[in-house]
Amino acid sequence: MVLKRSDFRVPDVYADWCPGCGDFGIMNGLQMAFAELGLEPHQIVMVSGIGCSGKEPHNVKVYGVHTLHGRTLPFAMGIKVANPALEVIAIGGDGDGLGIGAGHFVNAGRRNLDMTYIIHNNGVYGLTKGQASPTLRLGLQTKSLPKPNINEAVNSIQLAVVSGFTFVARSYAYDVRHLSDTIKKAIQHKGLAFIDCLQPCPSYNNITTKAWYAGEDKLDDNGKPQSRLYKLEQNGFNPDVHEWSEDLEKKVVAIRKAREWGDRIPIGVFYRNELEPTFEKRLTDRIPFYRERPPAKQKLYSENGLSHVDLSEFMEDLKTS
Ligand code: SF4
């Protein structure tokens, strides 16, 4: 059965984000990507942390878990390891993933599970009234801050590249077509994919607004706004690593590109490498029956109803493998 984007809407659930919030665009981008990839709701799990972004799984008709602050990735990785047949999408805010969850971000990169992680990057902790998040730039003073921010920002693209994510991209919540195409590429990528999604927060971030990204303060000679966002793919940028000898250079180029900000902000794929084995492949090399009988398909209780996990088959197979 071919599903439409509307099949991924949750009936009778009211998405209670503020009017104009970029979260709506991200929700639409996810629904479009799932439909266009021909996926069905039972094949997908969305896992979120705490923050306005945490409500994304409430509003998309797939399996969903709304977890703890900063723990999005461990939950998502556990689900993927338990059932590698699922498409797992971890989703969270910049504070959730790059503040309290930063250790998990780095260690997820080491594992390279075949799943996708999307960060809603709006520079503030919107749910708790707009404090500075780890991606707010030094010297900016959004409307909840009594003084300008005195911390340097985390550059999530650079951190993802050096942490070992094998697909690293950026998109924009109000360009739903670009976002949906980027999500599709991330899901199709064999390995851990990261998308930094720029997302205006109209309630608390009065600096990097929709009008700012659109360049409404930056008019050309004809009085037309000059968008700050430009697409890497339309500028001949090649993020792909075809052989290991190219890897370091591609990483350095991606890190350099990620420094661009201000009047020109790149969106698109910065780095992609499918040469690195996934965690699932490494597990299968160690446990040959892992994909056929992953933990989710193991027995949880015996005939008499007592809960137990039967490890005997595992142990026997380990002895002979
Ligand atoms: Fe969106 Fe900001 Fe409102 Fe949260 S506070 S729902 S991020 S506009």
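Student: Are F105 and F165 buried or exposed?

Tutor: Buried means under 20% relative accessible area, exposed over 50%, and partly exposed in between, using a 1.4 Å probe and protein chains only. Here F105 is buried, and F165 is buried too. Bear in mind that this is a predicted model, where local features need pLDDT of at least 70, side-chain atom pairs count only at pLDDT 80 or more, and totals for chains, interfaces and linings use all residues. Residues are numbered from 1 along each chain as its sequence is written, and side-chain values use heavy atoms, with hydrogens and water left out.

Student: How many aromatic pairs are there in the whole structure?

Tutor: A pair of aromatic rings is described by the distance of the centres and the angle of the planes. Rings of Phe, Tyr and Trp (its six-membered ring) pair if their centres lie within 6.5 Å; planes under 30 degrees apart are stacked, over 60 edge-to-face, and the rest tilted. The search turns up 12 aromatic pairs. One of them joins F105 and F165, tilted, at 4.7 Å centre to centre with 35° between the planes. F105 sits in helix 4 and F165 in the loop between helix 5 and strand 7, 60 residues apart. (Helices, H or I with at least four residues, and strands, E with at least two, are DSSP runs numbered from the N terminus.)

Student: Why is the pair of Y172 and Y213 tilted?

Tutor: Their ring planes meet at 55°, with the centres 5.0 Å apart, so the pair counts as tilted. Y172 is in strand 7 and Y213 in helix 7, so this pair ties together parts 41 residues apart in sequence. Y172 is buried, at 7% relative accessible area, and so is Y213, at 3%. Ring pairs also link Y172, Y174, W212, Y213 and W261 into a cluster.

Student: At what angle do helix 5 and helix 8 pack?

Tutor: Axes are lines fitted to C-alpha atoms, for helices over the stretch in contact, and angles between N-to-C directions run from 0 to 180 degrees. Helix 5 (residues 156-163) and helix 8 (residues 247-257) pack at about 165°, with axes 8 Å apart. That makes helix 5 roughly antiparallel to helix 8; angles under 35 degrees are roughly parallel, over 145 roughly antiparallel, 65 to 115 roughly perpendicular, and the rest oblique.

Student: Which residues of helix 5 and helix 8 meet?

Tutor: Contact means heavy atoms within 4.5 Å. Q158, V161 and V162 in helix 5 meet K251, A254 and I255 in helix 8.

Student: And how do helix 1 and helix 6 cross?

Tutor: Their axes come within 8 Å and cross at roughly 50°, and the two helices are therefore oblique to each other.
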